[in-house]
Amino acid sequence: MKYFLFGANGFVGANLKKHLGKDVKLIDNGFLNKKFELDIEKLCIVDNIDKIKEQFKLESSPFTVINLAAIHHIPYCENNPSETFKSNVLGNLLLAEAVIGTTCKRFMLASSGAVYQPSEGIHSEKDTLCSSDIYSASKLSAENDIKAIFSNSDIDVDILRFFNIIGKGDFTPHIIPDLYEQVVSESQYINHGNLTTVRDYIHVEDACDAIMLLSNSAKRYSVEAYNVCTGIGTNGYALLNELVKLKQSTKELYLDPEKVRKSDRPAQIGNYQKLHNYCGWKPKRSFLQGLQDYVGFRDAM
């Protein structure tokens with residue numbers, strides 16, 4: 001196999017797999033409870049690490065591990081911290097240990113723009129790292145683990161700090177899926193949380209392009225982190241207004257105190273210059289295109 005893709009049935013994984021060709025092993029634990037494609041093997045990393053190790057050892061040619069497997073719905077993470085750390089930290093740690101001594105040439109970890117200390121400014125990779133909730137704490141721990149494990153290895157490691165990914169295939173109840181379901185429901189209200197927060201929405205296809213460019217790079221290094229983002233902030237009001245226009249909704253808005261999170265950052269916007277300098281990547285698709293793609297995907301279901 002040229003690639004091992006973990007989290008292959010998730011949002012990014014489902015979009016990425018069509019870019020990887022035929023020489024790929026697709027693995028997912030089924031956390032989202034969505035329909036499984038026939039080419040995806042249902043395995044939990046933590047529970048089946050010995051089987052995964054054997055698969056790695058059978059490979060005689062160089063291969064890349066792409067680890068997208070994670071729990072990342074913030075309310076779920078807050079209510080299930082041990083399960084979150086088992087998936088996002090222990091699972092990643094076991095995979096990292098398993099590739100040492102094999103023909104693995106590259107290890108790619110999906111991290112998050114949420115690992116930065118909360119700020120209203122634009123984050124670069126040199127900014128202070130600081131967790132603000134269970135999810136960001138799990139991703140920061142995963143980053144620290146692989147930095148330690150691979151610091152003296154010949155394996156190239158990419159830490160991809162994705163900001164808010166948008167587009168077709170999102171089954172996690174993030175803000176856009178949540179608002180969409182309310183817009184098309186029979187309720188006369190749209191219950192929302194804090195809409196003043198600003199987020200950097202990156203199209204899922206742009207995220208896939210970043211993974212592919214890095215995975216095919218011949219440049220050598222040890223461990224590097226990259227922001228995958230647009231540098232453009234969109235607040236919740238603008239998001240909801242565009243969604244309401246797309247669906248021609250006239251529903252009333254209601255601020256639901258239970259949807260307001262204490263850990264909400266005022267802004268989360270990134271600078272992608274480091275990734276652009278390394279491999280020429282830059283975002284090609286707009287927030288509105290991502291929202292339109294998501295709405296089209298849901299309308300067709």
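## A buried ion pair: Glu143 and Arg161

Glu143 counts as buried, with 0% relative accessibility. In this predicted model, its side chain meets that of Arg161 in a salt bridge, at 2.7 Å from N to O. The two residues belong to distant parts of the chain, 18 residues apart: Glu143 sits in helix α5 (residues 134-150) and Arg161 in strand β7 (residues 156-162). Arg161 is buried too, because its relative accessible area of 3% falls under the 20% cut-off.

Let's turn to helix α7 (residues 204-215), which holds Glu205. The Glu205 side chain forms a salt bridge with Lys18 (2.8 Å, N to O). This pair spans 187 residues, with Lys18 in the loop between α1 (11-16) and β2 (24-28).

The closest N and O atoms of Asp209 and Arg285 are 3.2 Å apart, and Arg285 is partly exposed at 22%.

In total, 17 salt bridges are counted. Lys25, Glu41 and Lys51 are linked in a network of them.

## Strand β4, enclosed

What about β4 (residues 63-67)? All 5 of its 5 residues are buried, so the strand is largely enclosed by the rest of the structure. Phe63, Val65 and Asn67 point one way, and Thr64 and Ile66 the other.

β4 runs parallel to β1 (residues 3-6), joined by 4 bridges, with Phe6 partnering Asn67. It also runs parallel to β5 (residues 104-112), through 5 bridges; there, Thr64 stands opposite Arg106.

Methods: Residues numbered from 1 in each chain as written. Predicted model: local features only at pLDDT ≥ 70, side-chain atom pairs only at ≥ 80, totals over all residues. Heavy atoms only, no water. Buried < 20%, exposed > 50% of the residue type's maximum accessible area, 1.4 Å probe, protein only. Pairing = 2+ DSSP bridges. Salt bridge = Lys/Arg side-chain N within 4 Å of Asp/Glu carboxyl O.
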